[in-house]
Amino acid sequence: YAASQVFQEERLKLIPQLDDPAEIADIYGTVAWHLVHIGDYRRAVELPMGEEPGSSTSGIPAIGHRTKYVFQAVARFRLAHWDRFWSAYAKFDAAMDHDRPFSYHTMRLYGVAAYLKEVAGDSAAADSFISELDRSQASRGSVGVSGARLWIVETLVRRGRFGDARARLAE
């Protein structure tokens, strides 16, 4: 990810010249994703938010704006801004259709939520998140590895369930 930073910076410079909301959302979402993966959490949370997670702009599906929200929420978690994580999570969750499988990046948000619930001592809530994530992943088959997998593994390791954690990694 660090090697591509220069390209992400160039994409950000293009935004003032663009009028396509989907392209702008993609740039911010990709940059937020990139910044989280290189550990620049502060910059990730400083990106303009734009549309609310459940809205759409000019006919662009709401999902076009969600990647940015997921990674900004993950960055808030990494910065130990847990109340802000939960605030972002609540907005995002309210916009979700829980009858449909989660997208790849959305799973990451719910994985972080499961882990935080576990750390807070609410294993039942963590298990609820994990069950919902498992249903979403099952609907996707073996296509793509859920962005939540490592968060679930960390939750299982905290519980001392090392065999279950290893099995998750082997899936």
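This is a predicted model: local features need pLDDT of at least 70, side-chain atom pairs count only at pLDDT 80 or more; totals for chains, interfaces and linings use all residues.
A crossing of two helices is called left-handed if the near helix is turned anticlockwise from the far one by less than a right angle, and right-handed if clockwise.

The crossing of helices H4 and H5 is left-handed. H4 covers residues 66-78, and its axis lies 7 Å from that of H5, at an angle of about 160°. Angles over 145 degrees count as roughly antiparallel, and H4 and H5 are therefore roughly antiparallel to each other. On the H4 side, the contact is made by Arg66, Tyr69, Val70, Ala73, Arg76 and Phe77; on the H5 side, by Trp82, Arg84, Phe85, Ala88 and Phe92. Sorted by class, these come to 8 nonpolar and 3 charged residues, with no polar ones.

H5 (residues 82-94) also packs against helix H6 (residues 104-119), this time at about 135° and with the axes 11 Å apart. That angle makes H5 oblique to H6. Here too the crossing is left-handed. From H5 come Trp82, Phe85, Trp86, Tyr89, Phe92 and Asp93, and they meet Thr106, Leu109, Tyr110, Val112, Ala113, Leu116 and Lys117 of H6. This contact has 10 nonpolar residues, along with 1 polar and 2 charged. Trp82, Phe85 and Phe92 of H5 turn up in the contact with H4 and again in the one with H6.

So what about H6 itself? H6 is 16 residues long and spans 23 Å from its first C-alpha to its last, close to the 22 Å expected at 1.5 Å a residue. Of those 16 residues, 13 are buried, so H6 is largely enclosed by the rest of the structure. Just past the end of H6 sits Gly121, with a positive phi of about 90°.

H6 has another partner in helix H8 (residues 149-158), with an angle of about 15° between the two and their axes 8 Å apart. That makes H6 roughly parallel to H8. H6 passes H8 in a left-handed crossing as well. The residues of H6 involved are Arg108, Gly111, Val112, Ala114, Tyr115, Glu118 and Val119, which meet Trp151, Glu154, Thr155 and Arg158 of H8. By class, this contact splits into 5 nonpolar, 2 polar and 4 charged residues.

Methods: Residues are numbered from 1 along each chain as its sequence is written. Side-chain values use heavy atoms; hydrogens and water are left out. Axes are lines fitted to C-alpha atoms, for helices over the stretch in contact, and angles run from 0 to 180 degrees between N-to-C directions. Helices (H or I, at least four residues) and strands (E, at least two) are DSSP runs, numbered from the N terminus. Angles under 35 degrees count as roughly parallel, over 145 as roughly antiparallel, 65 to 115 as roughly perpendicular and the rest as oblique. Contact means heavy atoms within 4.5 Å. Ala, Val, Leu, Ile, Met, Phe, Trp, Tyr, Cys and Pro count as nonpolar, Asp, Glu, Lys and Arg as charged, and the others, Gly among them, as polar. The expected span of a helix is 1.5 Å times one less than its number of residues. Buried means under 20% relative accessible area, exposed over 50%, partly exposed in between (1.4 Å probe, protein chains only).
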